[in-house]
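Work through the exercises below with the sequence and the model open. Try each task before reading its solution.

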Amino acid sequence: MSRLLIEASTPLCLLQDAGRFGVRHLGVTQGGALDWVSMSWANWLLGNSLDAAVVEITLGGFTLVAQDDCCLALAGADLGAQLDGQPLAPWRAFSLKQGQRLQFTQPLLGARAYLAAPGGFAANKVLGSCATVVREELGGLDGFGRALAKGAELSYLRPAVELRELPREQIPDFKLKLPLEVVLGAQIGEFSGQSLFDAFNSVWTVDSRADRMGIRLQGPALQYQGQPMISEGIPLGAIQVPPDGQPIVLLNDRQTIGGYPRLGALTPLALARLAQCLPGMQVRLTPVVQETAHQQQVEYLRRFA
Amino acid sequence: MKPRIEVVAVDCLMVRLFEVITEDNMPWMLAATERLRAGFGRHLIDLVPSYTTLMVHYDLSALTPSQARELIAEALTDLAANPQARGQCHVLPVWYDLSVGPELNLLSQRSGLTVDQVIRRHSEREYQVFALGFAPGFAFMGLVEEALAAPRLSTPRKRVAAGSVGIAERQTAAYPVVSPGGWNLIGRTPSKLFDRERDGYSLMQPGDTVRFEAINHAEFIRLGGDDTPQENLA
């Protein structure tokens, strides 16, 4: 077993995996890494299953000290990581000698970094997953949904068997300003013509009111003209429009059902990109049909093969 | 019965069975749930029922959107309500008291009924679990009779005690854990509503039926209830 002591942490540093499935009919949210692409690459770098438990570090403020010689992988945002004071770029597997200190300082590019360990970090699964959902008191190191705290110890059980290198062309470019693809939903026709134009031709600003449940987008108010809705299941990435007209993209820790009308839902690849956006950044939305989005997703998943 | 299938996300389809909320929906919803679970088998990731809809989240590496649509259409062919398809019937003990149910007075004033009558009317009906949501194990139940219906509080409470039983419009529910909430509180149940050690985790499942049974303070404490007054949680 290899261990790492948490020397500094924040409420935004959480143990995550791909999420909790098969229990949403009980009101249990999905949870899981917000940027599933970076989480998957972090695991891929170590030859793990793509959904093995990782640490999601949002914005920084996280420090680990290796208690044994360790091997880890880092993907996602560049949070100014340093290994004993030396800069450590993401998208690679690396080793730490006993006593070495790994520190995440501040966001330089992107918002969320993912740290993986051989075979995944050790934690008991709760309802099939170790995804931390603070609100539901589920998952995490203790099983009761607490964030990773100073003084706690991360560990993994199996030695590193395979260290991979990620080809440069596979590294997601967080600087690219690609529009976020939206699979159009059933209520799309109930928005005013002007609102539909605005939705896909405006620049939207990522609001500071953003957490793991949802990210609010600031821009022109969208007007829903349909009947009030009866609550129904909410998919990951749903763009719901409350009465104030400011859309909210619903993320992994969203409630399972809800009654606000929706434009549609972001594709998984768009969600991964949005998860790396800091408040104040600007995004655009673009419509995509379900079949095309499906094809894109299946093709992207082949990259991890 | 001709369910509509709507696109909701790259790997999710909404099956819309009804347009309004009634108790008569439930035998159909349960029959459809059973058929969809069988039809999708291991390719089903989650099936999220709500009052009038079932959201099907399937494995997109196994099924294309059109294959998923076909599976739904096939599963729901000649769908018939199964009147035998009832979930479990639960009796939920409730200590109805102003200290844990501060809106008992409000409901009494609104309805012109005495507090005792409000309690009796709430506890003499059998309710259906329409959906779970908001929090793990939080069951939306109904319908309470018109006289007891009341809008949500204009300012939700920051902390509602675990076990609190409330009314919002014509629905009733119990809070599994301490959480924010805007329902009109009328009492508290000592029953554990969500338990990670229990088979099925949630005491109440979609389609179950529930009756509330008034108990006194001594019985509430004997059953493990926490009688901390709601006002102490503010």
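This is a predicted model: local features need pLDDT of at least 70, side-chain atom pairs count only at pLDDT 80 or more; totals for chains, interfaces and linings use all residues.

Residues are numbered from 1 along each chain as its sequence is written, while chains are lettered from A and ligands numbered from 1 in the order in which they are written.

**Exercise 1. Chain A as a whole**

Describe the secondary structure, dimensions and burial of chain A.

Solution. Start with the elements. Helices (H or I, at least four residues) and strands (E, at least two) are DSSP runs, numbered from the N terminus. Chain A has 4 helices and 21 strands. Next, the dimensions. Along the principal axes, the C-alpha atoms of chain A fill a box of roughly 60 × 40 × 35 Å. The radius of gyration is taken over C-alpha atoms, and the globule rule is 2.2 Å times the number of residues to the power 0.38. Chain A has 19 Å, which agrees with the value near 19 Å for a compact globule of 305 residues. Then burial. A residue is buried if 20 or more other C-beta atoms lie within 10 Å of its own, exposed if 12 or fewer, and partly exposed in between, with C-beta atoms placed from the backbone. By that count, 50% of the 305 residues of chain A are buried. Last, contacts. Two residues are in contact if their C-beta atoms, placed from the backbone, lie within 7 Å. Among contacts in chain A between residues at least 6 apart in sequence, 75% join residues at least 24 apart.

**Exercise 2. Chain B as a whole**

Solution. For contacts in chain B between residues at least 6 apart in sequence, 64% join residues at least 24 apart.

**Exercise 3. Domains of chain A**

Where are the domain bounds in chain A, and which residues link the domains?

Solution. Bounds come from an automatic or database domain assignment. For chain A it gives domain 1 (2-170) and domain 2 (180-304). Their centres, taken over C-alpha atoms, are 27 Å apart. At the contact, 23 residues of domain 1 of chain A meet 17 residues of domain 2 of chain A. On the domain 1 side, helix H1 (36-44) and strand E10 (109-116) of chain A each supply at least two residues. H1(A) has the largest share of that side, 5 residues.

**Exercise 4. Domains of chain B**

**Exercise 5. The contact between the chains**

Solution. Chain A brings 36 residues and chain B brings 36 residues. On the chain A side, the elements that give two or more residues are E12, strand E15 (232-233) and helix H4 (290-302). H4(A) has the largest share, 7 residues.

**Exercise 6. A sheet in chain A**

Trace the open sheet of 6 strands and find its edges.

Solution. Two strands pair if DSSP finds at least two bridges between them. The order is E7-E6-E9-E4-E1-E11 in chain A, with antiparallel pairing. The edge strands are E7 (86-87) and E11 of chain A, each pairing on one side only. Strand E6 (residues 82-83) of chain A pairs with E7(A) over 2 bridges.

**Exercise 7. Core and surface**

Which residues touch the most other members of the largest nonpolar core? Is Lys177(A) buried or exposed?

Solution. A nonpolar core is a set of buried Ala, Val, Leu, Ile, Met, Phe, Trp, Tyr and Cys residues joined through C-beta atoms within 7 Å. The largest has 164 residues, and Ala42(A), Val54(A), Leu115(A), Ala116(A), Val182(A) and Val56(B) touch the most other members. Helix H1 (residues 25-40) of chain B gives the most to this core, with 8 residues. Now the lysine. Lys177(A) lies in the loop between strand E11 (153-156) and strand E12 (180-184) of chain A. It counts as exposed because it has 11 C-beta neighbours inside 10 Å.
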